[in-house]
Amino acid sequence: MPACLVCHDPLEPFLSFGKMPLADAFLDEPELAHEFFFTLAPGLCAACGMVQLCERVPDARMFHDTYAYYSSTSAGMRRHFAAFADQVRRRALGSADPFVVEIGCNDGILLDGFAAAGVRHLGVDPAGNVLAEAARKGLTVQQGFFTERSAMDIAAAHGRADAIVAANVVCHVADIHSVFAGVRALLKPAGLFIFEDPYVGAILEQNALDQIYDEHVFYFSVTSVNRVAAIHGLEVVDVAPQPVHGGELRYYLGVRGAHAPSRAVDEWIERERASGVVSPAAYRDFAVRTGALRQRLIDTVDRILSKRHRIAGYGATAKSSTIINYCGFGPAEIEYIADVTPGKQGKLTPGAHVPVRAPDFFRAHYPDYALLFAWNHEKEILEKEAGFQAAGGTWITYVPDVKVRSRPPGAAA
Ligand SMILES: [Zn+2]
């Protein structure tokens, strides 16, 4: 039986998706024969409350120099990160020459906000291609994983940090103890470690089974984060929900005793106890609900195809990999998936091998139905692609349940 990465107690899966590919491993034709698969199965540690993958993929397979995700592709995300940087500056960067370190800075979408304000900063990321984009913008970056060792090196070279920040990164790192020990070593005594990640409570509430994929090793709650923090002399001092990636929490951590925790921390922990976010029953229910959701989506697609209507996808997101492969869809069901990321266009999606096309291709080859895989960007995409519905196209969403959107009045049938 696998062991909990936090407390080493035995871990039991509550759901198994079977063999899954890496969600960001888009392929060219010759690579199909060597595609990598692993068993995707999340489990809850009953001892410490941490939800995590039971089988992990080695980091070097996921975070490398051809990493497919660029943070800056969405206008909504750029606004979100500008506000995030503002918040960090207000709460943690009051000293004379503040220094901020970002773990997993990607193309620099969050660091931009510090650089623009003249704040001393350093971004760390193992993926050379996205990091090169950050460097091209003039940001100060260094390639590598953030570990206890590299954190001590950064402290020696640049001094300790007023703030350490991360977005959609901490939940990716299996060696979470090394990250938290590194934070403890690098943070000033009154500094703040501020990070945000998908919230496990939102995943349960929205049946968002597509948040579960190889890169998301952990599915955090305030309860579980506070327990890891305590092991390293840190504590959660504030929590703020964020309406991105389908529902995230932003955690503010300080050295234990350095900041008075806000009332929100106790309120969230109490809410998690009451709603069962740290109890096995909630995850058994989730497995039943998401199994039914999968069947409804398969039936919906079958019904559309039986009428000889065409289906395409929109947003070749990492999230889409889980739902597509779990449903067993391929190019016979989904003709192509439109995506704005140039590095994905012309490639095949992991596992299902559906071709990825530019949004222009979508506009020139409207299907009858489009599965909206980037459901967390629904508003932005439906506005940008208003022409699809105007031409008689129908969107399908599947979070929290399968929904075939009715056509706007006056649209051609
Ligand atoms: Zn545990």
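Donors are N, O and S atoms within 2.8 Å of the metal (3.2 Å for Na, K and Ca); water is not among the atoms, so sites may look incomplete. In this predicted model, local features need pLDDT of at least 70 and side-chain atom pairs pLDDT 80 or more, while totals for chains, interfaces and linings use all residues. Residues are numbered from 1 along each chain as its sequence is written, and side-chain values use heavy atoms, without hydrogens and water.

**The zinc site**

Along the chain, the donors of the zinc ion are spaced as C-x2-C-x37-C-x2-C. They are C4 (SG), C7 (SG), C45 (SG) and C48 (SG), lying 2.3 Å from the ion. The arrangement is tetrahedral (four donors with all angles between 85 and 135 degrees), because the four donor atoms subtend angles of 100 to 118° around the zinc ion.

| Residue | Relative accessible area | Class |
|---|---|---|
| C7 | 28% | partly exposed |
| C45 | 0% | buried |

**Strand 6**

Strands (E, at least two residues) are DSSP runs, numbered from the N terminus. Strand 6 (residues 99-103) is largely enclosed by the rest of the structure, because five of its five residues are buried. F99, V101 and I103 point one way from strand 6, and V100 and E102 point the other way.

Two strands pair if DSSP finds at least two bridges between them. Strand 6 runs parallel to strand 7 (residues 120-125), joined by five bridges; here V124 is the bridge partner of I103. Strand 6 also pairs in the parallel sense with strand 9 (residues 161-167) over three bridges, where A163 stands opposite V100.

Terms used: Buried means under 20% relative accessible area, exposed over 50%, partly exposed in between (1.4 Å probe, protein chains only). Helices (H or I, at least four residues) and strands (E, at least two) are DSSP runs, numbered from the N terminus. Four donors count as tetrahedral if all angles lie between 85 and 135 degrees; four count as square planar and six as octahedral if opposite donors are over 155 degrees apart and all others between 65 and 115; anything else is irregular.
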